[in-house]
Amino acid sequence: MKHSVQQDHQDNLEIIELKNELISARIAVNIGNTLFSLKRHDEEVLYFPFSLEAYKVNSKLAGNPFMHPWANRLEGEYMYVEDKQHIFPEEQLHLLYRDGNDLPLHGLLLKSDQWRTIELHEDENSCHHVAELGFDEAAFLSIFPFKHTIQIKQELRNNELNIETTILNEDQQEMPVSFGFHPYFSRTKLQAQLLLPAENSIEVDGVMIPTGKLLPKERKWDFKGDVVNLENTAFDDGFQDLKLNECHQAVFEVGNIHVVFAGNYPFAQIYAPAHPDKPYVCIEPMTAPTNALNTGSCKKIKPGERFTAGFSIVL
């Protein structure tokens with residue numbers, strides 16, 4: 001099957017399209033390196049009800065945003081570095097995206113224009129795009145004080161889009177890793193069944209911060225095996241203790257979409273709101289649980305060390 005990659009510049013935006021006979025995937029490089037369209041036979045599976053120009057300046061999220069240097073929430077405007085509280089400087093608080101309780105949410109790079117294309121490739125078997133961001137700006141380092149470089153490779157191979165993220169720690173101290181992705185799958189295109197291969201949900205308090213306790217998912221929702229009907233069920237919950245197949249992968253399924261967590265994504269956040277004006281389901285791969293930068297429950301990489309995590313969307 002022939003695969004192709006196309007790079008286009010329009011209205012100060014860089015758009016990458018990965019394409020074959022079945023699938024097309026489009027990425028807005030300088031709007032957070034966001035995957036904003038994913039189609040099978042011209043049928044869109046991502047929720048992205050905006051023009052790129054509108055999305056760049058509004059406060060909404062859609063497509064597949066990259067959440068870094070933390071995924072989901074922090075308990076306050078601080079994090080811990082070597083067991084010492086690092087308070088975010090007041091003059092940089094405008095950089096924070098916030099939730100309904102005014103807590104820092106989803107990191108600093110949701111719509112960053114600092115991504116740069118460093119590699120394009122196509123052949124008969126696959127095509128891919130690699131983008132890079134140097135996390136070395138003083139404003140960002142005043143919040144997350146670890147200099148590093150991020151590369152994201154998005155590769156289309158037949159009916160599978162693989163998204164691989166690599167972090168290189170260029171700092172002089174160990175760096176915590178707590179990133180993730182937030183793909184929005186259009187609810188109107190899906191059946192009302194969710195396959196969720198996890199043993200336990202993560203209990204949270206009134207502002208959605210984990211309490212440290214776990215709860216078997218069957219105690220809170222009406223699961224049949226690992227399947228739940230979404231028609232009358234809402235989620236905004238974290239899960240861990242994922243169930244792996246023989247390839248050491250956790251495979252989530254909603255409608256005809258499979259989301260496959262490969263190595264280094266041991267946590268999932270499921271967001272399936274009940275509101276009719278939010279017609280989507282989010283299956284979010286996370287390298288660490290919510291608020292991990294404050295609990296220490298995340299992996300750390302040494303100076304000069306790389307960390308890679310990957311997941312796939314299979315249509």
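Is Y80 buried, exposed or partly exposed? At 35% relative accessibility, Y80 counts as partly exposed, where buried means under 20% relative accessible area, exposed means over 50%, and partly exposed lies in between (1.4 Å probe, protein chains only). The model you are looking at is predicted, so local features need pLDDT of at least 70 and side-chain atom pairs count only at pLDDT 80 or more, while totals for chains, interfaces and linings use all residues. Residues are numbered from 1 along each chain as its sequence is written, and side-chain values use heavy atoms, with hydrogens and water left out.

**The nonpolar cores**

- In soluble globular proteins, nonpolar side chains tend to be buried together.
- A nonpolar core here is a set of buried Ala, Val, Leu, Ile, Met, Phe, Trp, Tyr and Cys residues joined through side-chain atoms within 4.5 Å.
- The largest such core has 73 residues, and those with the most contacts inside it are F235, F252, F261 and I283.
- Take F235: leaving aside residues up to four places away in sequence, F235 touches L194, L196, W221, F223, V228, L230, I270, Y271, A272 and P273, a contact being heavy atoms within 4.5 Å.
- Another core, of 21 residues, lies apart from the largest one, and its members include L13, A28, Y271 and C282.

- Helices (H or I, at least four residues) and strands (E, at least two) are DSSP runs, numbered from the N terminus.
- Strand β23 covers residues 267–272, and six of its six residues are buried.
- From β23, F267, Q269 and Y271 point one way, whereas A268, I270 and A272 point the other way.
- Two strands pair if DSSP finds at least two bridges between them.
- β23 pairs with strand β20 (residues 235–242) in the antiparallel sense over five bridges, and here G238 stands opposite Q269.
- β23 also pairs with strand β24 (residues 280–286), again antiparallel and over five bridges; in this pairing Y271 stands opposite C282.

**An open sheet**

- Five strands form an open sheet in the order β1-β2-β3-β4-β5, with antiparallel pairing.
- β1 (4–10) and β5 (43–44) stand at the edges with a single partner strand each, so one side of each has no neighbour in the sheet.
- Strand β4 (residues 34–40) is joined to β5 by two bridges, and the two run antiparallel.
- Across that pairing, K39 stands opposite E44.

**Aromatic rings**

- Rings of Phe, Tyr and Trp (its six-membered ring) pair if their centres lie within 6.5 Å; planes under 30 degrees apart count as stacked, over 60 as edge-to-face and the rest as tilted.
- By this rule, the count comes to 27 aromatic pairs.
- One of them brings us back to Y80: Y78 and Y80 are edge-to-face, at 6.2 Å centre to centre and 85° between the planes.
- The rings of W221 and F223 have centres 6.3 Å apart and planes at 90°, so this pair is edge-to-face; W221 and F223 are both buried.
- Ring pairs also link F66, W115, F179, F181, F252, F261, Y265, F307 and F311 into a cluster.

**Charges over rings**

- A charge sits over a ring if NZ of Lys or CZ of Arg is within 6 Å of the ring centre and within 35 degrees of the ring normal.
- K111 has its charged end over the ring of Y55, 3.9 Å from the centre.
- K217 lies over the face of F223, at 5.1 Å from the ring centre.

**Salt bridges**

- A salt bridge is a side-chain nitrogen of Lys or Arg within 4 Å of a carboxyl oxygen of Asp or Glu, and the structure holds ten of them.
- R73 forms one with D236, their closest N and O atoms being 4.0 Å apart.
- R73 lies in the loop between β6 (66–67) and β7 (78–81) and D236 in strand β20, so the pair ties together parts that are 163 residues apart in sequence.
- R73 counts as buried at 11% relative accessibility, whereas D236, at 25%, counts as partly exposed.
- E77 and R98 meet in a salt bridge at 2.8 Å, N to O.
- K217 and E218 meet in another, at 3.4 Å; K217 is buried at 0% relative accessibility, while E218 is partly exposed at 42%.
- K217, E218, D226 and K243 are linked in a network of salt bridges.
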